[in-house]
Amino acid sequence: MGSRNKISASILLFIFGFILSGSVFAQRRNTAKMNLTCNIPAIALVDFASSDLRTVTYNSSLLDPNQVEQLVSDGATDGTTWINYSSIVRNGTTNYITAEVSSGELPGDMTLNLYVSPDNGEGAGSKGTACGQMVLTSYPQIIISNIGSCFTGRGLNRGHHLRYEWRSIDNENVIEKPHGNIVSVTYTISSTE
Amino acid sequence: MLGTSAAAISLQLTTTTAGNQISGGTGTGYAQVSSIVSSGETRTITAAVTGVPTGTSLSVTTTPPSGGNSGGVLGTGSSNASLVNGASAVTLVTGIGSCYTGAASTDGYTLDYTWSSALGSYGSIVASAGATATVVLTITNIP
Amino acid sequence: MKKGFLILFYSLLNSVFLISPARSQVSTAGDNISLSVASLALIETNATSISMSFQPVSVAGAVLSSVSNSNLFIKISSLVPAGTARKVTVKLLSGTIPAGTQLTIQPTASTTTNSGGTLGTVASSPVVITSVDQNLITGIGSCYTGTGSSDGYRMTFNWGIVNPSATYGQLFATTSNPVIVFTVTAPE
């Protein structure tokens, strides 16, 4: 036997099994939960839209009701005062608005009447029920009641229209030019809670 | 595989202006995904919700990630998908192939929630604190 | 499995001495002996197949992690002419490595328990397996690694995803059976 040729090679084969599995993923977690914490604070906000003189004070706590104040002078106000409000109530409670003469002196021989018209239909939700007509005194009286979660919209022609009228003490005659007293009427929104 | 941070997303509806509608409920969550599909398969992400408070509406805009932590076929998102209590699951993302989003809590698909008051049922809105709405996200196969 | 043989040739002739009682005389005779060592190369492994699979991720959003396997040993026996050396090369012979993935092999220097000779130098960094032969071990002279299942050059395979942000979309669930071939080359 002669010497073997110096070129020689051997080959080995490997077989690989590659496994890349998508179905394994489907068996594992394929759902996830996102929790959203939803807060809706109770609110009771009131404001005027008016060209008449007015002062506005706000209080953010429901314990101290929100108030606005309007100065009422000679004669009836023209038809330019609207009361706007936004309200979110807790279950089983409602908000209401009272009005009172808060400063100035009511003359003894005259009455001050307030006319509150129904909500004008803008906004959305459970608007309050207007009293129609009320003789204002220095004690708060409810002029809009049973306000649920709602908003009237903001500005003129939104919410309830307010009109004042001075009358003689027997409430018969309208007085066009009263004595010149200026009184302040304060409107307060409160909760039945 | 689908995952998300356990922390709740906080939303609030209110106003400080008399006469105005309550508004302002926005918040963002993230969903992380790792996916390996079979050839020709795509996946979708759907959402179903419970616990949305009465008189309110929830919608979500979903955007696939595009940053350096993600890769592969991440699919197409959607805008303002409406989430209604008890409704059948709504599709948020389609066309997901093999992909990954990164595993950090701010990696992944961005879910921008919009929570608003519904005009038609505004009177039924009730003040509440801490009510929880739960969105269940599911990644499914489309063979 | 083919086996070769180490073959030695030699011949020996007996010599006969004649002793003459009359005179002291020594005669000698000799023969040419031809000893021939054949060039030889034999290669074998301790396993014929390797199975690798990606593990599912445990955290949503994560990339598949690479997997590795170091169970394979390559054993060789080699004889070379003076001044020459062999190499061990590797390539993909048939089948495919799944799209979006990469298979590399990192050889380790031979075990020393049962080995001897010029065992060569292993590649210093992992070799990416392609359909083209690439060097795993060079400078192999005459040597042997031993025949036990844990003798020889240990091979570490690594199967992973390169540049996932660009290629992850090419991954699909699949089972693939590529055939890898190791070759011991002719001496040069």
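Me: What makes E3(A) and strand E6 (residues 81–88) of chain A a pair?

Reply: Two strands pair if DSSP finds at least two bridges between them. E3(A) and E6(A) have seven bridges and run in the antiparallel sense. Strands are DSSP E runs of at least two residues, numbered from the N terminus. The model is predicted: local features need pLDDT of at least 70, side-chain atom pairs count only at pLDDT 80 or more, and totals for chains, interfaces and linings use all residues. Residues are numbered from 1 along each chain as its sequence is written, and chains are lettered from A and ligands numbered from 1 in the order in which they are written.

Me: Why is strand E3 (residues 43–49) of chain A called largely enclosed?

Reply: Buried requires 20 or more other C-beta atoms within 10 Å of the residue's own, with C-beta atoms placed from the backbone. Seven of the seven residues of E3(A) are buried, so the strand is largely enclosed by the rest of the structure.

Me: Which residues cover each face of E3(A)?

Reply: A:Ile43, A:Leu45, A:Asp47 and A:Ala49 lie on one side, A:Ala44, A:Val46 and A:Phe48 on the other, and all are buried. In a regular strand the side chains alternate between the two faces of the sheet.

Me: What joins strand E2 (residues 31–40) of chain A to E2(B)?

Reply: Four bridges, with the strands parallel. A:Asn39 stands opposite B:Gln12 there.

Me: How many residues are in contact between the chains?

Reply: Contact means C-beta atoms, placed from the backbone, within 7 Å. By that rule, 50 residues of chain B touch 42 residues of chain A. E12(B) gives the most to chain B's side, with 13 residues.

Methods. Two residues are in contact if their C-beta atoms, placed from the backbone, lie within 7 Å. A residue is buried if 20 or more other C-beta atoms lie within 10 Å of its own, exposed if 12 or fewer, and partly exposed in between; C-beta atoms are placed from the backbone.
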